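This report describes how the chains of one assembly touch and how parts of them are built. Please keep the sequence and the structure in view while reading.

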Amino acid sequence: MSRIHVTTKINGDETEFLCDAEATLLDVLRDELGLTGTKEGCGTGDCGACSVTVDGRLVCSCLMLGAEAEGREIATIEGMAAGEVLHPLQKKFIEMAALQCGICTPGILVAAKSLLERNPDPSEEEVRYWLAGNLCRCTGYDKIIRAVLETAADMRRAS
Amino acid sequence: MALDDSKKVKNFKVVGTRPNRPDGIDKVTGRARFGADMVAPGMLTGRILRSPHAHARILRIDASKAEALPGVKAVVTRADFGDVPDHVADVMDNCMAGDKALYDGHAVAAIAASSAAVARKALKLIEVDYEVLPHVTDVDEAMKPGAPVLHEGRQQETVPSGMSGNVIARSEFGHGDIEAGLAKADRVVERTYRTGATHQGYIEPHACLATMSADGQGDLWVCTQGHYMVRNVCAAILGLEQGQLRVTASEIGGGFGGKTVVFLEPVALMLAKKSGRPVKMVMSRSEVLRATGPTASTSIDVKIGMTKEGRITAAFAELRYQGGAYPGSPVDMGAMSAFAPYDLENVKTVGWDVVTNRPKAAAYRAPGAPMAAYAVESAIDELAKGFGLDPLAVRLMNGADEGTKASYGPTYPAIGLKATLEAAHRHPHWTAPLGENQGRGVACGFWFNFGGDTCVSLNVTPDGTVTVSEGNPDIGGSRASMTMMAAEELGIPYDQVRTIIADTGSLGQNEVTDGSRVTFAVGLATIEAARAAKREMCRRAAMIWGIDEEAVEWEDGAARPAGPNAGKFPPMTIKEIAAVASNTGGPIAGHHEVTAEGAGVSFATHMVDVEVDPETGATKILRYTVFQDAGRAVHPSYVEGQFQGGAVQGIGWALNEEYIYGEDGILQNAGFLDYRIPVASDLPMIDTVILEIPNPGHPYGVRGVGETSIVPPLAAVANAVSAAAGVRMTRLPMSPPRVLAAMQAAKG
Amino acid sequence: MVKVVLWGSLAESAEGQREVAVEAATLRDLLDGLGETFPGLRAELERGVSVSIDGRVYNDSWFTPIRPDSEVVLLKRLKGG
């Protein structure tokens with residue numbers, strides 16, 4: 001079985017990889033490219049731990065083939081901080097204890113960033129529905145929702 | 001609130017504050033390495049073949065076609081393990097079936113291959129001949145005489161003769177005279193309640209990476225709640241010496257009790273041994289749900305008598321828990337904790353441990369207690385409402401206090417139950433107005449909390465900063481609390497201490513991260529290790545000053561002469577003492593090894609408002625408040641997080657979550673789409689009130705907080721839904737069709 | 001002699017007694033003494049028990065002191081999650 005050659009951009013870097021036809025983007029990120037910050041919680045698009053953006057659109061990377069990344073721009077958790085400067089959401093999640101075990105955190109941060117790019121002033125309900133595809137079993141979501149709302153408020157003040 | 005409470009304690013400088021967790025940046029940047037994130041050169045992929053039958057005799061396994069497939073490096077079946085010691089026999093059988101497959105998803109063979117694609121293909125080439133046997137998955141069915149029997153000869157002497165072989169044990173607790181008590185009651189409620197089996201639902205599937213050399217040395221990287229347990233169990237199963245097997249705990253993506261046992265690890269080690277290559281195994285979500293530890297499903301009879309003033313005169317519960325395919329359901333814990341919040345003259349519980357053709361139950365946060373509390377708190381609620389009494393006042397009237405003889409035997413020391421009830425009564429939530437189709441529920445809960453084997457090693461570096469090594473995986477921020485307690489004790493800033501989770505080669509035995517024990521027991525050992533280091537530093541300062549050791553004391557991060565008679569010397573800071581350690585006797589450290597005992601019990605009261613849609617039977621959680629005693633909240637944010645997380649897991653248990661088996665004994669909802677855990681849009685904020693009634697068994701008064709928070713919510717939500725729907729809900733989960741059916745039945 | 005309270009069904013293994021007395025100054029004395037005096041208890045003792053001494057729960061520490069007037073209650077071995 002021949003492998004497929006794919007050229008793409010990941011977190012701003014031109015990236016080439018070879019993948020099997022059936023390999024998901026998640027498999028490629030984790031197993032071919034060593035970008036293990038994106039997590040697999042279910043493999044069926046139900047938990048959101050594998051959330052990335054493709055051309056700015058939030059997707060579950062377990063539901064997309066690696067070959068489909070051809071010519072696209074992928075953003076993962078590894079590209080969220082600028083060097084040692086954390087994104088305001090990352091900083092706020094730490095400050096507000098919006099994580100316990102941390103396995104869902106990368107997916108939630110990617111999803112929350114995507115929300116704030118579309119809607120800088122979301123209501124609590126909008127945050128809850130936007131993140132409804134990201135399962136967290138530790139926190140009961142309370143501190144996550146608060147952290148996203150506070151970050152949005154901070155970012156609005158700063159802009 | 002907690003922050004204000006902690007400020008009242010003048011002598012704490014670090015404990016009670018909310019610093020950033022030390023592993024925070026790794027966790028928000030994707031750098032933290034969890035179970036599936038590790039690789040090794042030459043690594044193979046391991047996969048497991050699982051039984052498609054609920055109960056079947058395994059007649060023959062032929063792996064020759066799989067072994068012949070290019071890229072397959074090893075095949076393992078039960079025959080590879082040989083005999084194992086008795087204490088791990090059930091664990092072994094659960095990891096790899098012997099004569100019989102006992103549940104849908106039970107492992108029957110495993111392979112290691114050069115890629116996942118080859119592994120998938122190879123699994124299909126393994127031929128297994130099964131003789132399908134009759135099965136049973138329901139607890140009440142399994143207890144009937146005539147039910148298909150899973151095991152012969154496992155029944156304990158505690159079970160009356162003539163019962164099904166699936167009934168493994170009977171236990172009974174309590175005191176007083178139930179019949180006499182019931183005779184004094186103005187009303188008696190007698191009901192049967194049922195709860196579904198739920199899964200811990202951690203988002204990270206089980207994963208490990210094993211290496212095994214021909215000389216008997218092994219290395220294992222694994223996501224687990226207890227890597228020392230993994231070492232000991234795997235060594236016993238594989239016939240290794242414990243000292244030759246080094247286990248390193250990865251970051252852990254949730255456990256809630258479900259990662260206190262092994263599933264993949266002995267198999268991965270055996271595959272690594274046979275292939276001579278590192279083997280990585282990662283479960284799929286479907287495997288997690290089919291084959292790892294859910295909790296017990298239950299059937300519980302409750303009979304409680306109450307006077308019209310609200311005093312409970314007698315309380316009885318009979319609890320039947322199926323714990324899956326092997327003995328050891330958490331029914332004893334349920335029977336012992338069922339009435340623990342109350343001061344009762346006449347109380348009795350009977351517990352039955354039952355096996356069925358389901359995956360072996362693993363611990364799940366306060367194992368056994370939430371279901372018992374659901375049944376008991378529902379009956380108390382029904383009685384209180386029947387008399388038109390305030391349900392909080394009824395609980396306060398009957399509530400346990402210091403000096404109460406607990407339903408499970410001992411007399412309580414200082415406890416916080418009444419404090420949580422009083423806080424609930426005072427809280428604005430209690431008197432907030434409710435709308436149409438809305439209801440409010442309250443319930444109490446109790447958990448024991450544990451200690452156990454614990455080691456901490458604390459080292460002072462040459463520059464005077466401090467490292468703490470402990471042996472319990474950090475499942476929810478415990479490195480932050482250990483760092484805080486070390487900093488508190490040493491009188492140095494939080495950021496001068498770094499805590500790591502050491503591998504099994506670096507410390508002595510450590511009990512699993514369970515029983516809400518870590519902040520209590522590891523905290524205690526950390527404080528004692530810091531005290532040992534302080535004593536040593538005082539001794540060094542005494543040498544330098546040329547005075548008696550006893551004449552030196554430690555305060556605010558420095559050794560000081562104790563009193564004017566000791567001599568006039570300026571304080572020597574930890575940095576100054578560390579800088580000359582090589583000149584005064586060598587590196588400075590403190591360590592503490594202990595079997596921690598004396599964990600304080602913990603109580604909580606939960607309050608919840610719901611709205612039930614009369615058209616669909618769907619329940620919406622409107623408001624939720626947790627009141628719990630934490631003894632001392634070391635890092636209040638993470639204490640709140642434990643309260644909130646436990647409450648929401650309980651909400652899921654109450655409303656949505658349930659293992660659904662078909663007539664064929666096959667699990668029908670082995671995925672997060674159909675096994676639906678609560679999502680953000682299902683919930684409101686979860687408010688928390690931290691009470692601090694110090695535990696006399698801990699230097700700072702800490703009690704475990706992780707488990708108690710899942711005990712009351714099943715009942716609190718059920719009481720609220722029952723109020724909103726106008727009908728008593730006696731079965732969990734209260735899914736929309738069940739609620740709708742109950743409402744329609746009540747209307748006649 | 002130390003008085004030891006047994007749980008309901010355990011009493012059946014101790015000739016029906018809910019409270020038994022054994023000579024014991026430590027937890028180990030207590031567990032050994034119970035097994036010797038009441039052979040019926042041995043099966044449960046071997047499966048493991050926890051012991052509440054004056055309201056605090058102990059699992060393993062043999063040399064935990066017990067006073068003659070201590071309140072001692074045998075419990076099923078506690079397990080957590």
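## Contacts between chains

Two residues are said to be in contact if their C-beta atoms, placed from the backbone, lie within 7 Å. The model examined here is predicted. Two pairs of chains touch, and chains A and B form the pair with the most contacts. Chain A and chain C, by comparison, are joined by no contact, and their closest C-alpha atoms are 14 Å apart.

## The side of chain B that touches chain A

Between these two chains, 44 residues of chain B are in contact with 42 residues of chain A. On the chain B side, α2 (24-29) and α19 (636-655) each supply at least two residues. The most comes from α19(B), which gives seven residues. Sorted by class, this side of chain B holds 21 nonpolar, 16 polar and seven charged residues.

## The side of chain C that touches chain B

Here 21 residues of chain C are in contact with 39 residues of chain B. Two or more residues of the chain C side come from each of α1 (8-11), β4 (56-58) and β5 (72-76) of chain C. By class, that side has eight nonpolar, eight polar and five charged residues.

## A covered helix in chain A

Which residues of helix α2 (residues 88-95) of chain A are buried? They are Leu89(A), Gln90(A), Lys92(A), Phe93(A) and Ile94(A). The cover over the buried residues of α2(A) includes α3 (105-118) and α5 (142-158) of chain A, together with α2 of chain B. Just after α2(A), Ala97(A) takes a positive phi of about 55°.

## Chain B as a whole

Chain B contains 21 helices and 26 strands. Its radius of gyration is 27 Å, close to the 27 Å that the globule rule gives for 748 residues, so chain B is as compact as a globular protein of that length. The C-alpha trace of chain B spans about 90 × 75 × 50 Å along its principal axes.

Of the 748 residues of chain B, 62% count as buried. Among contacts in chain B between residues at least 6 apart in sequence, 79% join residues at least 24 apart.

## Helix α12 of chain B

Helix α12 (residues 369-386) of chain B has 18 residues. From its first C-alpha to its last it reaches 25 Å, close to the 26 Å expected at 1.5 Å a residue. This helix, α12(B), is mostly covered, with 16 of its 18 residues buried. Gly388(B), which follows α12(B), has a positive phi, near 70°.

Methods. Residues are numbered from 1 along each chain as its sequence is written. Chains are lettered from A and ligands numbered from 1 in the order in which they are written. This is a predicted model: local features need pLDDT of at least 70, side-chain atom pairs count only at pLDDT 80 or more; totals for chains, interfaces and linings use all residues. Helices (H or I, at least four residues) and strands (E, at least two) are DSSP runs, numbered from the N terminus. Ala, Val, Leu, Ile, Met, Phe, Trp, Tyr, Cys and Pro count as nonpolar, Asp, Glu, Lys and Arg as charged, and the others, Gly among them, as polar. A residue is buried if 20 or more other C-beta atoms lie within 10 Å of its own, exposed if 12 or fewer, and partly exposed in between; C-beta atoms are placed from the backbone. The expected span of a helix is 1.5 Å times one less than its number of residues. The radius of gyration is taken over C-alpha atoms; the globule rule is 2.2 Å times the number of residues to the power 0.38.
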